Amino acid sequence: MQLIRAGAMVAVIGAALASGLLLSRAHGGGALPLPVMPAPTARDRILVVAPHCDDETLGAGGLLFSAVRAGAKIRVVIDTNGDGFHYGAERLFHEKHVSPLDYVRMGLDRQRETLAALSDLGVPRRAVSFLGYPDAGTADMWLTYWDPRHPYTSPRTLEDHSPYPTAFTRYTPYAGRSLLDDLKKIIADFKPTVIICPHPDDEHPDHWAAYCYTAAALYELGLLDSVQLRFYIIHRGNWPMPRGLHRREPLQPPADLSGPNTRWQAFPLDSRMEGVKYQAILRYGSQLLVMRDFLLGFDRTNELFGAMHWGRLPVVASGAIKIDGQAGEWGQVAPVILDSPEKRRRCGGCPRGDRRPADLCPGGSRRAPVGRCGVSDLGSCPVGITGWPASGICLPSRGKDRRRGALLKHGSGGRSADTGYRGPGRRDARSRYGAG
Ligand SMILES: [Zn+2]
């Protein structure tokens with residue numbers, strides 16, 4: 001696919017997937033067919049990206065086990081060690097006041113759980129990379145702390161560089177560019193044919209950020225068109241329901257992600273695969289302590305993987321779109337990129353001419369346009385589009401106003417004004433999902 005063309009920008013939109021067969025009931029109780037995901041083969045090279053220790057098993061444990069049995073090559077990347085989960089640390093250490101060092105100890109414990117779980121699934125230690133970035137910090141690194149010279153500081157460990165001797169890059173600064181570079185090195189070395197990563201509309205900030213880094217790595221490596229990108233979902237409202245162990249129940253996509261944006265496939269688990277996945281989940285003792293029913297809710301008769309395709313968005317001049325009415329009506333407006341030459345100039349390093357995403361500034365607000373009309377602002381360089389009808393990508397940005405998100409103009413009769421809409425901030429995100 002030709003991605004680079006003046007007046008066009010890429011976004012991710014749904015792609016058709018293969019052969020169908022039904023497996024699940026749909027949201028609302030009706031029966032909907034889901035295509036079945038083909039089993040891995042020895043020719044596959046599968047990279048699984050997980051924001052935290054346990055996501056790889058919850059989202060793709062059965063697939064990993066099946067891939068190992070088929071002789072596929074496997075690599076698993078864990079972005080963070082889940083070292084920011086305050087409630088989990090309290091329970092783990094039986095302390096109300098958990099020290100920074102204890103959070104690091106918890107991160108190391110969670111690494112050991114991951115290695116045990118992956119060993120159950122047949123994945124050897126050498127196939128696992130712990131990047132060692134901060135739990136609950138990778139979205140901030142994407143949005144704000146992009147530059148390794150000005151890293152993010154974890155409020156839990158109080159570290160701004162990875163304290164883990166196991167980190168893929170020792171003493172790596174907590175910066176978006178650093179995580180992206182680690183991922184690029186791994187992808188360039190491993191040469192995956194398939195990458196499994198979180199869905200862009202996963203609500204946990206570390207999860208949607210994991211998607212952002214993965215997509216950006218593929219983009220910067222020029223691999224968007226040659227590597228299959230598949231998504232698993234972990235956090236979306238009260239999904240998955242029912243909670244707890246319901247091993248004979250199929251896992252269905254979250255209702256609000258069941259539209260045409262994401263083309264879901266079901267990967268069926270036979271009884272052996274399901275049993276091994278169950279054992280692997282049980283390795284996560286630290287997480288079972290605090291959210292047992294949530295974890296066991298992923299032990300079903302299938303896993304879910306979504307796909308999207310890269311679409312294009314038109315670029316229009318900033319201020320060219322006038323929208324009357326209420327914000328709630330903006331969902332009917334097709335997504336575009338708002339181009340603002342003035343802001344592009346301010347955002348040094350931003351694109352000129354062909355507006356290639358790689359030329360955009362680092363960082364980027366994928367969340368800015370969420371739930372609105374999906375208008376992004378090229379001037380401040382967020383390229384993430386998550387509104388209708390596209391679902392997300394992220395791209396690079398920098399500049400003081402990057403957190404303002406889409407600078408939507410609305411009004412009538414030629415008058416216009418910034419909406420001042422802001423994407424969800426740190427406080428919002430953390431209040432809902434403390435950490436991994
Ligand atoms: Zn997670």
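Author: Gly88, Ala89, Leu92 and Phe93 of helix 2 meet Asp102, Tyr103 and Met106 of helix 3; contact means C-beta atoms, placed from the backbone, within 7 Å. Those residues split into 5 nonpolar, 1 polar and 1 charged. This is a predicted model, where local features need pLDDT of at least 70, side-chain atom pairs count only at pLDDT 80 or more, and totals for chains, interfaces and linings use all residues. Residues are numbered from 1 along each chain as its sequence is written.

Reader: What puts the buried residues of helix 2 on the same side?

Author: The buried ones are Gly88, Ala89 and Leu92, where buried takes 20 or more other C-beta atoms within 10 Å of a residue's own. They span an arc of only 100° around the axis, so they share one side of helix 2. The arc is taken from the directions from the helix axis to the C-beta atoms. These buried residues pack against helix 3 and helix 8 (285-296).

Reader: Which residues touch the most other members of the largest nonpolar core?

Author: Val48, Val49, Leu64, Val76, Met141, Ile196 and Tyr213 do, in a core of 77 residues. Helix 6 (residues 205-220) gives the most to this core, 11 residues. Apart from it lies another core of 7 residues, including Leu92 and Met106.

Conventions. Contact = placed C-beta atoms within 7 Å. Helix = DSSP H or I, 4+ residues; strand = E, 2+ residues; numbered from the N terminus. Nonpolar A, V, L, I, M, F, W, Y, C, P; charged D, E, K, R; others polar. Buried ≥ 20, exposed ≤ 12 C-beta atoms within 10 Å, placed from the backbone. Core = buried A, V, L, I, M, F, W, Y, C linked by C-beta atoms within 7 Å.
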